[in-house]
Structures are given as C-alpha cells and as structure tokens.
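Here is my note on the model. Please read it with the coordinates open.

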Amino acid sequence: MKYIKYLIICIFITVASGETSAQNTDDARALVKEGVKLNNEKKYGEAIDKYRQALKIDTGSMFTNYQLAYSLFLSDKGTDGLPYLQKVIIGDEKLRVAAYDLSGLIYFKNKQYAGAETKAIDAIKLDPKHASTQRMYALVSFHQNKRAQALLGFCSFILLEPNTARSAEAYGNIQHILQGGNLKPEPGEMAPHAIDANTNALNQSITQAVADFSKRRYSSAGDLLAAELKAIFINVGQLAEKQTGNDFFRKYMAAYFYQLAQSPNMPAFARLVTQSTPESVKWIKDNPQPMADLETWVKAAERGF
C-alpha cells in the first residue's frame, strides 16, 4: 500500500514537473518572439533584455544564444556576444556555420582581421557553399594585404554568388588587386612590409604574372581578364605547392584555381566574374555552351582542406 502511494506521488511530481517545464518553454519562446520583433524594429537594447530573460528560463536554447549575440552585434557590443556564439558553435550543428560567420563579422568590425580569418575558414570547412563566409575570407585577407588569398577568395565567392551587387563589388576588388592596389593599413592592421615571407612571395607572384599584360592587346576586357587570371592562378598554384603551412589556402584555394587555369574554362570564368558589365552579359548570352561547360567543371572538380 505504501509503495502504491509512493508511486502515485512520484507520478504526480513527474507530471507536474513536465507541465511546469512545458510552461517554462512556452514562456521562453514567447520572450524570444518578442525579442525578434524588437530586433526587427531596431530596438536592440529591449531585444537584448528579452533574450536574457528567456535564457534565464531556458539556458540551453542555442537559437536564443545566437539571437542575443546578433542583437549585441547590431548594438555595437559584438564582443559581448562572442561567449554566446561559442556556446552555439559547441552545441548546435545547424547554427554552427551562422555562429562562425557572425563571430567573423564581430572580429572584422573590431579590425581583428586574423581572428576573423580563422572564423571564416572554420565556417567554410563546415559549409563550402556558404557564399558569405567565402566573401568574409576574401575581405579579411584583403585587409591584411594578403593579395593572393583575397583574389582567390573573391573568385571563389563569385562562383557561388555570380550576379548580385556583392559580386559586382567583389569584381571591383579583384580589379584593384590586379592593378597593384593594397589597402592602406589602419591602426591595428598589418602593414605591407610586416607580412610574412610566404605571403609576400604570393603577393609578388601576382605582380609578376600581370607585369607584361599592359603591353599586350586583347579584343575585349573579358579576354584580358581571362589571360591575367590564368597567369595568376598558375603562378600562385605552383608557388603555393612549394610552401608549408596555411594548408587551407594551399589546398582549398590555390590548388583548385590552378586546376581551373589548366582547363579550357577560363574565358567563361572571366565572363562570370565580370557579369556586371554589359560586354560579359552579351558574351554569356551568345555563348551558352562554354558557360554550361564551366558549370559542369565546377560541379566535378574536387576541393580539399
């Protein structure tokens, strides 16, 4: 009899606990929903308060951790959000890429470009088809005066996102690099003379590859770019093979575009890069087969880390 009473009490406690837990979850979700609405209204401080309240109820919600970090970033307190993003990276496979990407943005905004580069690489390894992280890798490389990494990074981004305002901007950055441009270092950034020997050699390989092209005549800007990029991909690919360290760039970027340079697809690739120009729009329309061949090559070519 005592056992039956004990069992009934245990069942009652379990049911009541479950009901309380469900109520708590509902309360946390309601707070998060309010937070999202406030965030969309740009009331970031109020959104942050809602997310913090939700986390007191449901500490294990990775979505809430991410949303809190995002609102902190938008309110110029991004660094405060990094511990929350680290929880997401460890605890939620589905949100991990987004958490790495947002971490990279935080480092980038704070001009901590090396940290941003690391986060971008981590994100690319998890999801190589996530265009924003490819762009982030290129941008943070550019800010560190890693011209080869930036150039190939922008090219990799355009393969994933070829016809947007961001891809047109990426093409502008590529042009800047080809013309020998470096970003002027801001406080805390790496000056050109301070880069390591491997990076300096890669930068020089770009300069050497395009040195004579100003003396040559091409029928179109697209033909010129195809020739320049082919020379650069070959130079960078051959040089990177001999270097040690930075396996990600050597295997994922340099080796891949070295393969592309040795294929017949460079004319189509150059038009893909310059798709924001009227000349390339017409070329792409008039040459569907080379574009289809490029697409087939991209799907088949392997990229390693």
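1. **Helix α4, the buried side.** The buried residues of α4 are G78, G81, L82, Y84, L85, V88 and I89. Buried means under 20% relative accessible area, exposed over 50%, and partly exposed in between, with a 1.4 Å probe and protein chains only. The cover over these α4 residues includes α2 (44-57), α3 (62-74), α5 (96-109) and α6 (113-126). Contact here means heavy atoms within 4.5 Å. Helices are DSSP runs of H or I with at least four residues, numbered from the N terminus.

2. **Basis.** This is a predicted model: local features need pLDDT of at least 70, side-chain atom pairs count only at pLDDT 80 or more, and totals for chains, interfaces and linings use all residues. Residues are numbered from 1 along each chain as its sequence is written, and side-chain values use heavy atoms, with hydrogens and water left out.

3. α4 covers residues 78-91, which is 14 residues. Its first and last C-alpha atoms are 20 Å apart, close to the 20 Å expected at 1.5 Å a residue. The expected span is 1.5 Å times one less than the number of residues. α4 has a kink of about 30°, centred on Y84. The bend is the angle between axes fitted to the seven residues ending at a residue and the seven starting there. Y84 is also one of the buried residues of α4.

4. **Helix α6.** How far apart are the end C-alpha atoms of α6? They are 20 Å apart, which agrees with the 20 Å that its 14 residues should span at 1.5 Å a residue. Y113, A116, E117, K119, A120, I121, A123 and I124 are buried in α6. That list includes E117 and K119. The cover over the buried residues of α6 includes α4, α5, α7 (131-143) and α12.

5. **Aromatic pairs.** The count comes to 13 aromatic pairs. Rings of Phe, Tyr and Trp (its six-membered ring) pair if their centres lie within 6.5 Å; planes under 30 degrees apart count as stacked, over 60 as edge-to-face and the rest as tilted. Y256 and W297 form a tilted pair, 5.2 Å centre to centre with 50° between the planes. This pair links distant parts of the chain: Y256 is in helix α12 (residues 247-261) and W297 in helix α15 (residues 288-300), 41 residues apart. Y256 and W297 are both buried.

6. **Charges over rings.** K109 lies over the face of F73, 4.9 Å from the ring centre. R303 lies over the face of Y252, 3.8 Å from the ring centre. The rule asks for NZ of Lys or CZ of Arg within 6 Å of the ring centre and within 35 degrees of the ring normal.

7. **D76 and K109.** The salt-bridge count comes to 12. A salt bridge is a side-chain nitrogen of Lys or Arg within 4 Å of a carboxyl oxygen of Asp or Glu. D76 and K109 form one at 2.6 Å, N to O. D76 counts as exposed because its relative accessibility is 60%. K109 has 42%, so it counts as partly exposed. Phi of D76 is near 65°, a positive value in a residue other than glycine.

8. **Two further salt bridges.** E161 and R166 meet at 2.7 Å, N to O. E161 is buried at 15% relative accessible area, and R166 is partly exposed at 27%. D286 and K282 also meet at 2.7 Å, N to O. They are four residues apart in helix α14 (residues 278-286), so about one helical turn separates them. D286 is partly exposed at 45%, and K282 is exposed at 55%. Elsewhere, salt bridges that share partners join K37, E41 and K43 into one network.

9. **K42.** K42 has a positive phi of about 65° although it is not a glycine. It lies in the loop between α1 (2-40) and α2. K42 counts as exposed, at 64% relative accessibility.

10. **P267.** P267 is found in helix α13 (residues 266-273). It is partly exposed, with a relative accessible area of 36%. P267 touches A226 and W283, not counting residues up to four places away in sequence. P267 and G222 are 45 residues apart in sequence and 7.3 Å apart in space, C-alpha to C-alpha.

Terms used: Helices (H or I, at least four residues) and strands (E, at least two) are DSSP runs, numbered from the N terminus.
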